[in-house]
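Have the model open while you read.

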Amino acid sequence: MIATGLQLALLGGVVLGAGIALLVWRLLPGRPDLADVLDRLSPDSTTRSRWQTEAGDGSAAERLGRWGVRVLPSSLWGAPLRQELALLRIPTVRFYGEKLLFAVLGLVIAPLLSLLVTLLGWRVPVLVPVGGALLLAVGMFFLPDYNVRDDAKRARTEFARALGAYTDLVALERNSGAGPRQAMEVAAAIGDSWVFRRLREELAFSNWSGEQPWDALRRLSHELGVTELGDLADIVRLSGEEGAQIYGQLRARSAAMRTAMLNDEVAHANTVGEQMSIPMSLLGVIFLVILVTPALLRVMGG
């Protein structure tokens, strides 16, 4: 009875302290992120790709994310993942909503497990579900960050593979006498993957807005964090502004990209091979133990 009373007193103190902290936080003036404010006020940020990233579908996660952006401090969300979200085309508010949903799920899991254990007849201290709920909420709050980074890493690898083929197509179009913009647009119209669709959209938008196509691809490379696309834009810019022959440079660039991807695959294969050697070695040790154990038992018994 004393332990139960002490646990309830501790729980009440935690709830009271959290309520006071939330009240004081609501009364304090907001502290916006200066880098985020300057980025939003910059003229370069008013692009179509940014608008598409912010557009949503009206889902529950998006509505929850919009509420979180209005109510919660900006420092709560951690480091912004603008390039990853832009590459995956995930609206920022939906991403924030998913983080809040995962946190709420973490808050619910621990009490439900404690209730299940209590129904089975075991007594669980009050601090166990409370502490477990807080730890799960914090851990699951950052789980979408890991998922987004992992998906963006795979998407960048796929983008680089498709960009190698696109570079060869642009080189062939330029070699056949097409202009820089025409070569880039025709090459982008050949493929049907999401990478080629993204390139077609950016080139079409640059045509409507009067922007040079290499400037559009350079901007897209900064937004998505794909440096290979910026290198391609620089090579095409030499042809558009200075009239240079870029067929050899484009073919050399595509070959260099394929060589780099091949080296990455070889390094990954070597890493996997080294990791597989550990269980194989353990299996060999276990097999030797099985062979030696009967002989040792006979010697010790004799």
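This is a predicted model: local features need pLDDT of at least 70, side-chain atom pairs count only at pLDDT 80 or more; totals for chains, interfaces and linings use all residues.

How many of the twelve residues of helix 11 are buried? Nine are, so helix 11 is largely enclosed by the rest of the structure. Buried here means under 20% relative accessible area (1.4 Å probe, protein chains only). Among those buried residues are Trp214, Leu217 and Leu220.

Residues are numbered from 1 along each chain as its sequence is written, and side-chain values use heavy atoms, with hydrogens and water left out. Helices are DSSP runs (H or I, at least four residues), numbered from the N terminus.

Now for the cores. A nonpolar core is a set of buried Ala, Val, Leu, Ile, Met, Phe, Trp, Tyr and Cys residues joined through side-chain atoms within 4.5 Å.

| Core | Residues in it | Some members |
|---|---|---|
| Largest core | 32 residues | Phe159, Tyr166, Leu199, Leu229 |
| Another core | eleven residues | Leu72, Trp77, Leu85, Val148 |

The four residues named for the largest core, Phe159, Tyr166, Leu199 and Leu229, have the most contacts inside it. Helix 11 and helix 12 (227-242) are among the elements giving two or more residues to this core, and helix 8 gives the most, with eight. Phe159 touches Leu87, Trp194 and Leu224, among others (contact means heavy atoms within 4.5 Å).

How values were computed: Buried means under 20% relative accessible area, exposed over 50%, partly exposed in between (1.4 Å probe, protein chains only). Lists of a residue's contacts leave out its neighbours within four places in sequence.
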